[in-house]
Amino acid sequence: MSGCAVGGSSSSPSKSPTPSGEHVTVVQNQLDAGLAEKLNAAAADAYSGVSAPGAVMAIRTPKGTWVTTIGYQDWKKTTPMTADVRQRIGSVTKTFTVTALMKLAEQGKLSLEDPIEKFVPGMPNGNATLYQLATMRSGIPSYTFDESFQQKYFTDPNHAWKPQELVDLVKKVP
């Protein structure tokens, strides 16, 4: 995953210390000052409760964007965190995906009982439901076990995968 692209900042980066002594650096703030202050405090509080050298946090709304960094890119604390750093996000995307599915189901735009085939034709075990996919019980294989994926990943870890490329790996489309 590539880091957050930041531009059009309406203010220059500013720093404020956290209880642990790290600095929250506001990289971009297009939101009102009161909201930004609350977000900075929430970022510092959230960071103090995790075991990580640093973090990049961002919120985009119709009213503007807020981006902040905290801590370092490495455990030795030699390189401050920047908003453009590439980070592996791993399983955290599952939370976002399932949240989006739940919102769409709540809005009546889909049903968790819909088969995956309805949205992505040709998938192995396409009769599995969105619910089964969300609970990791769909029987659809993971592209991460595919040899060609691993070869590309380990030779070019910065490769930006297109969603269709990953779907094709699962479908075994050359």
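**Figure 1. Lysine 172 and its salt bridge to aspartate 146.** In this predicted model, lysine 172 is exposed, with a relative accessibility of 57%. Its salt-bridge partner is aspartate 146, and the closest N and O atoms of the two residues are 2.7 Å apart. Aspartate 146 sits in the loop between α3 (130-134) and α4 (147-155), whereas lysine 172 belongs to the segment after α5 (163-171), so the pair ties together parts that are 26 residues apart in sequence. Aspartate 146 has a relative accessible area of 11% and is therefore classed as buried, the cut-off being under 20%.

**Figure 2. The buried face of helix α5.** Leu166, Leu169 and Val170 are the buried residues of α5. Viewed down the axis of α5, these buried residues fall within an arc of 100 degrees, so they line one face of the helix. An α-helix has 3.6 residues a turn, so residues three or four places apart point the same way. The buried residues of α5 pack against α4.

Figure 3. Glutamate 106 and lysine 103 form a salt bridge through their side chains, at 3.4 Å from N to O. Both residues lie in helix α2 (residues 92-106), three residues apart, or about one turn of the helix. Glutamate 106 is exposed at 62% relative accessibility, while lysine 103, with a relative accessible area of 44%, is partly exposed.

**Figure 4. The salt bridge between lysine 152 and aspartate 156.** The side chains of lysine 152 and aspartate 156 meet at an N to O distance of 3.8 Å, which is within the 4 Å cut-off for a salt bridge. Lysine 152 has a relative accessible area of 31% and is partly exposed. Aspartate 156 is also partly exposed, at 30% relative accessibility. Over the whole structure, the search finds four salt bridges; among them are the pair shown here, the pair of glutamate 106 and lysine 103, and the pair of aspartate 146 and lysine 172.

**Figure 5. Strand β2 and its pairing with β4.** Strand β2 (residues 23-29) is mostly covered, with six of its seven residues buried. β2 pairs with strand β4 (residues 64-71) in the antiparallel sense, over five bridges. Threonine 25 has threonine 69 of β4 as its bridge partner.

Conventions. Residues numbered from 1 in each chain as written. Predicted model: local features only at pLDDT ≥ 70, side-chain atom pairs only at ≥ 80, totals over all residues. Heavy atoms only, no water. Helix = DSSP H or I, 4+ residues; strand = E, 2+ residues; numbered from the N terminus. Buried < 20%, exposed > 50% of the residue type's maximum accessible area, 1.4 Å probe, protein only. Pairing = 2+ DSSP bridges. Arc of directions from axis to C-beta. Contact = heavy atoms within 4.5 Å.
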